[in-house]
Each structure stands twice: as structure tokens, then as C-alpha cells.
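Good morning, and thank you for joining.

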Amino acid sequence: MAKKRKPPSIKGGLSDPYSEGKIYGDARTYDPDFKGPIAKRSCTDVLCCIVFILFIIGYIILGLLAWVNGDPRRVAYPTDSQGQFCGQKGTSNENKTILFYFNLLSCASPSVVVNLQCPTTQICVSKCPEKFLTYMEIQFTYRRDRNYWAYYSQFCKSAILKPAKTLTQVLLDNDCPTAIFPSRPFLQRCFPDFSTQNGTLTVGNKTVFEDGSGRTRNAVELRAAANGVNRVLDARAIGIKVFEDYATTWYWILIGLTIAMLLSWLFVILLRFTAGFLFWVFTLGVIGIIAYGIWHCYQEYSDLQGQPNAHLTLYNIGIQTDISMYFQLRQTWFAFMIILCILEVFVLLMLIFLRNRIRISIALLKEGSKAIGYIPTTLIYPVLTFIFLSICISYWAVIAIYLATSGVPIYKVITPEGQCKHENKTCDPKIFNTTEVAKACPGAQCNFAFYGGKSLYHQYITTFQIFNLFVFLWLINFVIALGQCALAGAFASYYWALKKPDDIPPYPLFNAFGRAIRYHTGSLAFGSLILATVQMFRLILEYLDKRLKQAQSNISKFLKCCLRCCFWCLEKAVRFLNRNAYVMIAIYGKNFCRSARDAFNLLMRNILKVAVMDRVTDFVLILGKILVAGCIGVLAFLLFTQRLPMIIEGPTSLNYYWVPLLTVIIGSYLIAHGFFSVYAMCIETIFICFLEDLERNDGSTERPYYMSQSLLKILKEQNAQTEKQ
């Protein structure tokens with residue numbers, strides 16, 4: 001019986017894939033007739049697919065329930081103390097679009113933190129006050145000039161013919177504010193018109209004013225009550241200027257983003273020629289920088305010779321707050337020199353012993369660029385992913401808003417001082433003044449608090465919000481997984497074509513996308529579910545951290561940091577494993593667990609190749625993103641700062657040139673990220689296929705390698721070196 005032939009031993013790679021497969025428990029059989037992604041396949045992880053579809057149906061039903069019970073107008077329009085919308089068409093408040101606070105100073109009350117509502121009457125008005133007036137002043141001026149009362153009465157709850165009530169009665173009935181002061185609308189609410197004169201905060205050009213109850217207040221108190229609204233109002237002016245800049249430069253921004261897209265495409269295509277050059281330039285740069293650091297440390301070490309106190313050790317001077325003292329010691333620079341020498345030797349040794357793996361990695365980078373050149377439709381796929389993600393994000397946001405605005409208006413007892421035993425209890429504003437609560441707590445008010453209810457639906461609003469968030473995470477990860485699997489299938493079709501590009505099947509991306517949807521929805525949903533669960537735990541941990549920040553001991557903070565670090569590492573590991581599992585699913589059509597196991601075993605048998613490949617790929621992609629964003633950023637800077645008048649004339653009347661500049665830079669980086677994410681998936685797929693090719697084939701006529709000629713050339717050189725040894 002003829003002995004089974006093993007693939008040749010390759011220096012720096014696999015020595016015997018069959019024996020090493022036993023070490024990692026890989027019992028996969030090797031099909032010599034395998035020629036690329038399997039066409040005949042069956043549905044995988046059907047149970048998870050059914051669960052995923054049921055969750056989507058439940059998500060749609062939740063959206064319908066939220067749509068029926070919610071009212072987004074409650075977010076768009078401010079609500080007065082009676083629960084009525086300001087500015088709503090078809091109501092008495094149609095022309096009253098702004099919310100006015102009777103006593104904004106009461107907003108500094110501690111009850112605001114508890115109830116999230118300012119404990120004062122709030123009404124809808126058509127415009128904000130423009131002058132200082134008090135109710136007592138109106139009572140005196142009413143007899144000689146009724147126009148003052150006509151102006152003042154528009155800020156009362158109802159039409160009152162004259163100011164006949166006493167100040168005490170007005171305070172009890174809450175019919176009118178005790179005082180008004182100059183304000184301006186922001187976010188459809190009246191806030192004080194703050195300004196600064198000679199470094200002093202003023203309101204309507206006044207530093208002090210009467211609050212209508214016999215007390216003199218200053219602008220600082222009002223600012224504290226408004227809770228820093230003055231900064232927000234200043235931000236509004238900045239926002240207007242930013243909007244003007246966008247209106248002036250929008251077409252330049254679009255031109256810059258278009259150039260970024262073309263530059264990203266060009267960079268990916270040219271990587272087949274420049275990948276090796278970029279890597280070795282970077283590597284030599286790192287070696288040179290470390291060498292300069294060693295030389296600099298030696299110079300500092302020599303210059304300090306003979307200096308007073310330079311011979312002292314770190315132990316002698318102990319811990320010092322002035323860090324510069326450590327740089328006056330020879331021992332410090334000697335330690336830095338030793339560390340840099342060790343790092344330099346480490347880098348050189350890695351380059352010497354891993355040179356073959358680095359050559360293979362660079363060849364794979366070039367091969368990825370060539371694959372994208374043969375399948376250019378893959379560069380358009382990120383647009384489809386962006387559309388799917390936009391739909392998921394929009395649906396989640398709409399449901400969250402409708403759930404938050406579900407229910408009927410809930411009114412609660414609010415007192416300015418917060419010292420009533422009935423504080424925060426529900427009440428009915430129509431009969432509140434006749435109840436015992438109004439008598440027991442003078443000055444208490446029954447104001448609108450939030451929207452809610454006592455039905456079964458309203459009792460589970462929080463649960464529905466959690467469900468909304470979880471399914472949102474699941475869908476987002478599923479969309480990303482679908483893109484990775486479709487791209488992997490397309491690039492695998494390229495690799496396993498023996499004669500490239502003649503043997504590449506037609507429409508490889510479309511066919512791979514169809515296979516992923518038709519056969520592997522369950523597997524993609526399974527991997528997405530695992531990742532969504534980890535992300536949900538991370539979000540819960542962050543939420544608890546925010547809620548319990550003030551009540552944490554040192555031990556709890558330490559445990560929280562440990563958990564946060566563990567979940568972060570777990571998410572990264574799951575992402576890496578899922579991505580490689582999707583590649584195996586695209587090639588072999590197996591279920592998620594088996595694909596993940598096969599991918600893990602394959603990578604473990606080639607752990608050094610994986611480490612080198614990841615680092616080289618990460619470097620090239622990061623360099624590409626920085627290069628694209630940097631080039632576009634430099635051009636945008638020269639344009640928006642009028643430094644290219646001889647070549648092209650840019651916008652001349654910008655308030656803040658950094659607004660369109662940052663927009664162009666960030667947008668260019670995101671566009672480059674979209675292009676390079678396709679490239680990264682291409683490299684990942686070709687790398688997995690390359691490892692499979694090494695294990696399945698031996699380069700003979702019966703079992704030829706499917707790799708490109710450049711990879712095959714490197715492989716033959718390694719085999720020749722092995723035979724000499």
C-alpha cells in the first residue's frame with residue numbers, strides 16, 4: 001500500500017499540517033477536489049435563524065405599539081404646567097410657541113434634581129419679556145397708564161382685567177408672576193438675557209433687581225438658577241455662525257470628500273506596488289528613531305559627568321514632585337539608554353528571524369490590492385452597509401422617542417422649598433386647590449411632571465427600552481457580519497480561481513451575498529447575538545457606574561475597572577473570532593460553531609504568521625487613513641485660510657475656518673475607513689485561504705497551489721533553503 005504523501009515542510013510556516021491538526025483537535029478531512037467556496041450547501045443554525053426572525057417580528061410589533069401610544073410632539077413642543085403643548089396647531093396655544101417660567105429663581109431648588117422639573121408655574125407665551133417689571137409696580141402705575149398692565153397681563157395664566165389681587169393672593173393663586181425681567185427665547189423657552197459689562201454679569205444692563213416679593217436679587221443668583229444657560233445662549237450664537245460657514249463652504253466640503261474617495265481608491269489599487277516600500281520605510285524609520293534616542297541618551301549621560309549631584313541614584317533622591325530632577329541624574333539617562341538598546345536589538349532580531357513571514361505578509365497585501373482591482377464592486381458595498389446601518393439606527397431612535405413619550409400627562413405635587421410631606425405625589429390640577437394637600441402645604445403646586453400611565457404597557461416601558469436597545473445591537477452586528485461574510489465569499493472566489501482572472505466566477509459579490517442570506521442567516525445571527533450580549537453587558541456596567549459614581553469605594557472602583565477591562569478584551573476577542581468564522585462560513589458553508597472552531601485551529605497552527613500579518617496590515621491601513629485624511633486636510637487648510645489665491649480662490653468670509661476644515665478631515669477619515677475595511681476583509685480572507693492552500697496542496701500537478709505567482713515564488717525560495725539545510 002502506497003504511503004500517503006505529506007505536503008513539503010516549509011521553513012517559517014507549517015511543517016506538517018496533519019500532525020499539527022491532531023495537536024489542536026482539528027479532525028477536518030481534506031478534500032483534494034476542493035476548488036473554492038462550496039456551491040452545494042444547506043441552511044445552517046436554523047434554530048438561531050428562527051429566534052432571530054421572531055425577535056424581528058417582536059421588534060416590529062413593539063414599533064407599532066410605540067407608534068400607537070407615543071406622541072413625538074411631546075419632544076418637539078415644550079409643555080406647560082397643565083400638560084398642554086406650546087405652539088400646537090388647532091389649540092389655544094397655537095400662537096404661543098415659547099414656555100415662560102413664573103419664578104426662574106426657584107429652579108435652583110434641590111427638588112429640581114429629584115423631580116427633573118422646575119417647581120414653578122409654567123405657561124405658554126407668544127414672546128418673552130423685554131423689560132423689568134414687578135406686580136407691585138404695576139399696581140401703582142395701573143391707575144395712570146393701563147398699557148403697563150396690558151403688557152404685564154400677557155404673562156399671566158388667564159386674562160385678568162386689572163391687578164386687583166394683593167401680592168399675597170397672587171402668590172397663593174399663581175395667577176401672575178411676581179416679577180418679569182428681560183429674556184430671550186432659546187429652545188422655545190424664555191431664559192434671562194445675560195451679558196457682561198466690564199467683567200460684571202448683568203441682566204438687561206442691570207446687576208441687581210427686585211424679585212417682586214420684596215427681596216433684591218443679583219444677576220449671579222439668576223445665572224445659578226438658570227443652571228448655566230448663559231453659556232448655552234452664547235453657544236447658540238456660535239451655532240449660527242457655524243451654520244453660516246457650512247452654508248458658504250458646503251460645495252467645497254463635497255469636493256474634498258469626493259477627492260478623499262478617489263484618493264482612497266487609488267491608494268488601495270497602488271498598494272500592490274507600494275506595500276513593501278511603505279513597510280520598510282516605516283521600519284527603517286523606527287530603527288533610526290530608536291538609534292537616535294540611544295545616541296541622545298549617551299550624550300546626556302556624558303555631559304552630566306562631573307556635574308554636582310549627577311552621581312546620585314534614584315534611591316538617594318526618592319520620590320520627587322519635580323520630574324526634571326530625575327533628568328539631572330546620570331543613572332536616569334543610563335537606564336533610558338539600556339531600555340532603548342534592548343528595544344533596538346529586539347526589533348532587529350524580529351526582522352531577521354521573521355523576515356520570511358514579513359515577505360509573505362507584504363505579498364498578501366499586494367495580492368489583496370490585486371483582488372479588489374479584479375472585483376471593484378466590493379468598494380461599493382460599504383454604501384449598502386451604510387444604508388442598512390442608517391435604517392437600523394433610525395428605527396431604534398424613533399422607537400426610543402415614541403416609547404419615551406408614551407402615556408398620559410402625570411402631575412405631581414411640587415413645593416419651592418421641598419419641605420412638604422406630600423412632595424412628589426400624583427395630583428389632579430383641576431381639583432388640586434380644593435384638596436387637603438393644598439391646605440397642608442401652602443404654596444404647593446400641581447404641575448406636569450412626565451408622561452406615563454398605569455396600564456400593563458406603561459408598566460413595562462423600561463423593559464421595552466432595554467429590548468429596543470438589545471435588538472438594535474443585534475441588528476447592527478448582523479448587518480456588519482453580513483457584509484463581512486459577503487465580502488469574504490467574493491474574495492475567496494478570487495483566490496480559489498486557478499487561472500486569475502479567467503476562472504473568477506461571474507458576479508462573485510452578488511453570489512456571495514445571496515449565499516449568505518439564503519443559507520447562513522442563522523449562523524450570522526448566532527455570531528451577532530454573542531457579540532451583542534457582550535456589548536449589552538458593557539453598557540449595563542457603564543450605566544451602573546454612572547448611577548453609583550458617588551457611592552463607590554476604592555474596592556468597588558478597582559473591581560469596576562477590572563470588569564470593564566475584561567469585557568473590553570472579551571469583545572475584541574469575540575470580534576476577531578467572529579470575523580474569521582464568517583470567512584470559513586463563506587468558504588465551506590458550515591455552521592457557526594464548527595466554522596469558529598476550524599478558524600481558531602487553523603490560526604493557532606500558524607500563530608506567528610497571524611501575529612506578523614495583523615501587525616503589518618494594521619500599520620498599512622492606519623498609514624493609509626492618516627495619509628488620505630492628512631492630504632485632504634492640508635489642501636483644505638490652504639484653501640480655507642486663503643493661502644492658494646494664485647491657484648484657486650476659496651471662501652473669503654468664514655467665521656471659523658476650522659469648522660469646514662474639521663468636517664473635511666473627519667469625513668475623509670471615515671471615507672478612507674470604509675474603503676480600507678473592505679481591504680482589511682480582503683486580506684483576512686486571502687490569508688485564511690493561503691493557509692488552507694498550504695495544508696491542502698503540495699504544488700504538484702495533481703494538487704497545485706492556488707496562490708499567486710508572487711506568493712509561489714517566495715514559497716519556492718523557502719523550500720530551496722529548507723532542502724539546503
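By salt bridge I mean a side-chain nitrogen of Lys or Arg within 4 Å of a carboxyl oxygen of Asp or Glu. On that criterion, R538, E571 and R575 are linked in a network of salt bridges, and the structure holds eight salt bridges.

Please note that this is a predicted model, in which local features need pLDDT of at least 70 and side-chain atom pairs count only at pLDDT 80 or more, while totals for chains, interfaces and linings use all residues. Residues are numbered from 1 along each chain as its sequence is written, and side-chain values use heavy atoms, with hydrogens and water left out.

Helices (H or I, at least four residues) and strands (E, at least two) are DSSP runs, numbered from the N terminus. Buried means under 20% relative accessible area, exposed over 50%, and partly exposed in between, with a 1.4 Å probe and protein chains only.

Let me turn to individual pairs. R605 forms a salt bridge with E695, with 2.8 Å between the closest N and O atoms. This pair links distant parts of the chain: R605 sits in the loop between α20 (592–604) and α21, and E695 in helix α22 (residues 658–696), 90 residues apart. Both R605 and E695 are buried.

Within helix α22, R696 and E692 lie four residues apart, about one turn of the helix. Their salt bridge has its closest N and O atoms 3.5 Å apart. R696 counts as buried because its relative accessible area is 5%, and E692 is buried at 0%.

D598 pairs with R597 in a salt bridge, at 3.1 Å between the closest N and O atoms. Here D598 is buried, at 3% relative accessibility, whereas R597 is partly exposed, at 38%.

Now the cavities. On a 1 Å grid over the protein atoms alone, a cavity is a set of points where a 1.4 Å probe fits but cannot get out, and lining residues have an atom within 4 Å of a point. A volume is the space filled by probe spheres set on the points, which are joined across faces, edges and corners.

How many cavities of 30 Å³ or more does the structure hold? There are two. Of its 13 lining residues, F100, Y101, L104, F181 and S183 lie nearest its centre. Strand β6 supplies the largest share of that lining, three residues.

The second largest cavity has a volume of about 40 Å³. Its lining includes R41, C485 and H520, and the largest share, three residues, comes from α17.

Key: 1 Å grid on protein atoms, 1.4 Å probe; cavity = no way out; pocket = protein on both sides within 12 Å on 5 of 7 lines; lining within 4 Å.
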